[in-house]
Amino acid sequence: MPSDHLLELNNLSLAHGQPWARESIIHELRLSVPRQQMTVVVGPSGCGKSTLINLIAGFEKPDSGEVLLDGRPVKGPSHERMVIFQESALMPWLSVYENIIFGPKLRKERPLADIRQEALALLEQVGLSAFAQKYPRQLSGGMQRRAELARALINRPQLMLMDEPFRGLDAMSRELMQSFFLAFFEETHNTCLFVTSEIEEAILLADQLVILSNRPAHVRAVLSVDLPRPREIAILDTPQAYAYKRQALEILYEEALNNFRREGRPDDFLEAYTYQTQTCTSAE
Amino acid sequence: MNLNKLILKNQALRRGIIAIIAALLVWEILAHWRLWFGYSLPGIGLMPPPSAVLHLWGKVLLDGSYWLSWYASYSRVLLGFCLAMLLGIPFGLMLAVNRHLHALFFPIFEILRPIPPLAWVPASLIFWPTQEMSIVFVIFLGAFYAIVINVLGGARSIDIRYLRAAQSMGAGQWSLFWRVVLPATLPSIFTGAAVGMGITWEVVVAAEMIAVGGRVYGGGLGFFVWNSFVGGSTEQAIIGMLSIGIAGYLASSLIRYIGYRLMPWHTAA
């Protein structure tokens, strides 16, 4: 009997570095990702969010603990868990169309005509039909992200892993991509684990908001974001969204301040200070 | 946009031609300075004027031995260069993808690399049965190091996200190599080829000056320059020099053209 959770992380730990200078990145991290929901992970910068994605994707192996997808342990990279990377990881030497069919063509699990048809449909869906034969560098940042989304979707992943996918876009394209992705998710409800460092982006998208601690990362808090769907960017101006934002920022502030007390790093103090000012302004 | 491009290109072409003509004019005046102004400029020695060089070139063009020199140098360069590509690309890729082989071969490679190709001339004359083979070998060495270093660097600096994305989509070792590592390294391969080709021309000329004595035909352009100098014709030596310049330019244009055709994504606007 399948559980409600597609992905389960059990006591995940990982340290990097040579045996004589191990640095713990993730420590006893426990997390469940519900099916057909958007789980957003936020945390201080450099806390190990990308490493977490690498572990789930199977690019790295944990020192202890396990990653379970549908109850089965994850052993390595697979198209069940597609990653949308920071910035764009489209292959520059392939056209947009060739990038999209890369996976299915390689695995030969379907006839090429089917793959072609699905690729064209996806291109249509992400609004890039006219750009199929262009190379990635001929596309704008936002278009690259949409092409990358199509490249992931054609592999029919059970779980989408998004590693700060909209980072590096200008404010305008970022907002457009957020709306696009929000509408896309609300239509498909493809289970998604979305990592970001932007608290507003997190609240806009999340069903479940996971706040990580400082390094070594563990789950500091899980908030359930019960804002009505379908959502629009304007939802961030509602009092409920403000309340979630304040709650999340307070936890992050505490976390940064704790870390400053413990380690005395001025970066952490500055980060705590920024969170506090953000909380104050958003409370107004 | 196309029209703009054309004008821009023509403008660049026009400027290039103007610069060449201006340089020839200055040279012409300097060469005649003493004759025209009655005193010599300090630091300016004897030099044939370009008009005399061009005049002689017109005659040399009709001489078969001049073209044989072209043929001799070009065939040596292409042979050595192709061997360097054929061995250098797989060698560089091999060092990049396998750390055991890297640990094994890289130290030897790094010790041999600083030895200038020309320092190999005496040893290779003794080692190889024919003079021709030893010249090709020295040319090969010149290009080989440049190609290997560039291929190795290029293949090692591939963005790991491409490899990871391909792995997620189901690529095994074989597909990773052919579909990611190789195309991602292609720009570096062409950088290595362009640098290597430049070095082959430096090497061929010097090697011909050292090694090809007493053979007027098939001596190559390097021998042509040296032989003209020894024979007392500075004009002809200058013709040889300029011919080498043109030959090198043609060779690197060929590489640029092939690179342009093989990597459309690199230049697509």
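These legends describe close-up views of a predicted model.

**View 1. Chain A as a whole.**
Chain A contains 8 helices and 10 strands. Its C-alpha atoms fill a box of roughly 60 × 45 × 40 Å along the principal axes. The radius of gyration of chain A is 19 Å, which agrees with the value near 19 Å that a compact globule of 284 residues would have. Of these 284 residues, 42% count as buried. When contacts in chain A between residues at least 6 apart in sequence are considered, 70% of them join residues at least 24 apart.

**View 2. The open sheet of chain A.**
Six strands of chain A form an open sheet with mixed pairing, in the order S6-S7-S8-S3-S9-S10. Strand S6 (81–84) and strand S10 (219–224) of chain A are the edge strands, and each pairs on one side only. From one strand to the next, the twist averages 20 degrees. Strands of a sheet pair through backbone hydrogen bonds, either parallel or antiparallel.

**View 3. Strands S7 and S8 of chain A.**
Strand S7 (residues 159–163) and strand S8 (residues 192–195) of chain A run parallel and are joined by 4 bridges. One residue to look for is Asp163(A), whose bridge partner in S8(A) is Val195(A). In the order of the sheet, S7 stands between S6 and S8, and S8 stands between S7 and S3.

**View 4. Helices H2 and H3 of chain A.**
Two packed helices are described by the angle between their axes and the distance between the axes. Helix H2 (residues 96–107) and helix H3 (residues 112–125) of chain A pack at an angle of about 135 degrees, with their axes 10 Å apart. At this angle H2(A) is oblique to H3(A), and H2(A) passes H3(A) in a right-handed crossing. On the side of H2(A), the contact is made by Tyr97(A), Ile100(A), Ile101(A), Pro104(A) and Lys105(A). On the side of H3(A), Leu112(A), Ile115(A), Ala119(A) and Leu122(A) take part. An α-helix has 3.6 residues a turn, so residues three or four places apart point the same way.

**View 5. Helices H7 and H8 of chain B.**
The axes of helix H7 (residues 160–168) and helix H8 (residues 173–211) of chain B come within 10 Å and cross at roughly 155 degrees. This crossing angle makes H7(B) roughly antiparallel to H8(B). H7(B) passes H8(B) in a right-handed crossing. Tyr162(B), Leu163(B) and Ala166(B) of H7(B) meet residues of H8(B), namely Ser175(B), Leu176(B), Arg179(B), Val180(B) and Ala184(B). After H7(B) comes Gly170(B), which has a positive phi near 105 degrees.

**View 6. The surroundings of H7 of chain B.**
The buried residues in H7(B) are Tyr162(B), Arg164(B), Ala165(B), Ala166(B), Gln167(B) and Ser168(B). They pack against helix H1 (49–57) and S6 of chain A, together with H8 of chain B.

**View 7. The contact between chain A and chain B.**
Chain A contributes 19 residues to the contact and chain B contributes 13 residues. On the side of chain A that touches chain B, S6 and H2 of chain A are the elements that give two or more residues. H2(A) gives the most to this side, with 4 residues.

Definitions and conventions: Residues are numbered from 1 along each chain as its sequence is written. Chains are lettered from A and ligands numbered from 1 in the order in which they are written. This is a predicted model: local features need pLDDT of at least 70, side-chain atom pairs count only at pLDDT 80 or more; totals for chains, interfaces and linings use all residues. The radius of gyration is taken over C-alpha atoms; the globule rule is 2.2 Å times the number of residues to the power 0.38. A residue is buried if 20 or more other C-beta atoms lie within 10 Å of its own, exposed if 12 or fewer, and partly exposed in between; C-beta atoms are placed from the backbone. Two residues are in contact if their C-beta atoms, placed from the backbone, lie within 7 Å. Two strands pair if DSSP finds at least two bridges between them. Axes are lines fitted to C-alpha atoms, for helices over the stretch in contact, and angles run from 0 to 180 degrees between N-to-C directions. Angles under 35 degrees count as roughly parallel, over 145 as roughly antiparallel, 65 to 115 as roughly perpendicular and the rest as oblique. A crossing is left-handed if the near helix is turned anticlockwise from the far one by less than a right angle, and right-handed if clockwise.
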